[in-house]
Amino acid sequence: MKKIAVFCGSSIGFNSVYIEQAKKLGEYFSQNNIGLVFGGGKIGLMGAIADTILKNKGEVIGVIPHLLRHEEVVHTNATQMIFTKKMSKRKVKISKLVDGYIAMAGGFGTLDELFEALTLGQLSIENKPVGILNTNGFFNHTLKQLDMMVQEGFLKQSNRDMLLVSENIDDLLFKMDNYMAPNMNKIVHTIASK
Ligand code: AMP
């Protein structure tokens, strides 16, 4: 994977473990020549990961809607900053640039971006890995909700299994590197049975 989108909080949270993990992820990206594509803000966990990568001379591409341009939140040192007309266009642009997605701790914005990426995978519009960096078990309740969806017949187990989860950066990136989308499995199976 050459470029990965990271969705994470525009806040830093109350526990310093989140910002520490964001910085570690930034270090991992720069050491492994992975470019960051993100929401373009200089605040919160998103600002922390971008700053770490830039400090280590890595690549940071921000994609931000015009409406946030005047909000004193735009990262001013990014390698590249792309402005979009709308929030929805930003997500499309991000998806065109990246080979995979990682979500870290965050709020509504983070969950919105995470579930949009999963929905694209579910509909086979994309076959890119989607991972959660589950620092401090932050997403444990979200994962339980997904299991409830499967149990109650609203989500297929195979689609639930698209979501890769780890508390450890190396482990998560290993899983993402080796990811095979559910529909790709089917394709391999069909070819093998011919
Ligand atoms: P949240 O999780 O609600 O803090 O929102 C963070 C996510 O939504 C990030 O991944 C960004 O892409 C986007 N976002 C929300 N607020 C901002 C902001 N003020 N500046 C840039 N991006 C933001």
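Student: How many residues surround the ligand, and which are the closest?
Tutor: This is a predicted model, where local features need pLDDT of at least 70, side-chain atom pairs count only at pLDDT 80 or more, and totals for chains, interfaces and linings use all residues. Residues are numbered from 1 along each chain as its sequence is written, and side-chain values use heavy atoms, with hydrogens and water left out. Counting a residue as near if one of its heavy atoms lies within 4 Å, the shell holds 17 residues, and the closest are S10, G107, G109, T110 and E113.

Student: Which helix gives the most to the shell around the ligand?
Tutor: Helices here are DSSP runs of H or I with at least four residues, numbered from the N terminus. With 4 residues, the top contributor is helix α4 (residues 108–122).

Student: How far is a polar side-chain atom of R90 from a nitrogen atom of the ligand?
Tutor: Happy to look at the polar atoms! A backbone N or O atom of G107 lies 2.6 Å from a ligand oxygen, and a polar backbone atom of C8 is 3.4 Å from an oxygen of the ligand. For R90, the side chain reaches a ligand nitrogen at 3.0 Å.

Student: Is H75 buried or exposed?
Tutor: H75 lies in the loop between β3 (60–65) and β4 (80–84), strands being DSSP runs of E with at least two residues. Buried means under 20% relative accessible area, exposed over 50%, and partly exposed in between (1.4 Å probe, protein chains only). Because its relative accessible area is 5%, H75 is buried.

Notes. Polar contact = N/O pair within 3.5 Å; in protein donor to acceptor, adjacent residues only side chain to side chain.
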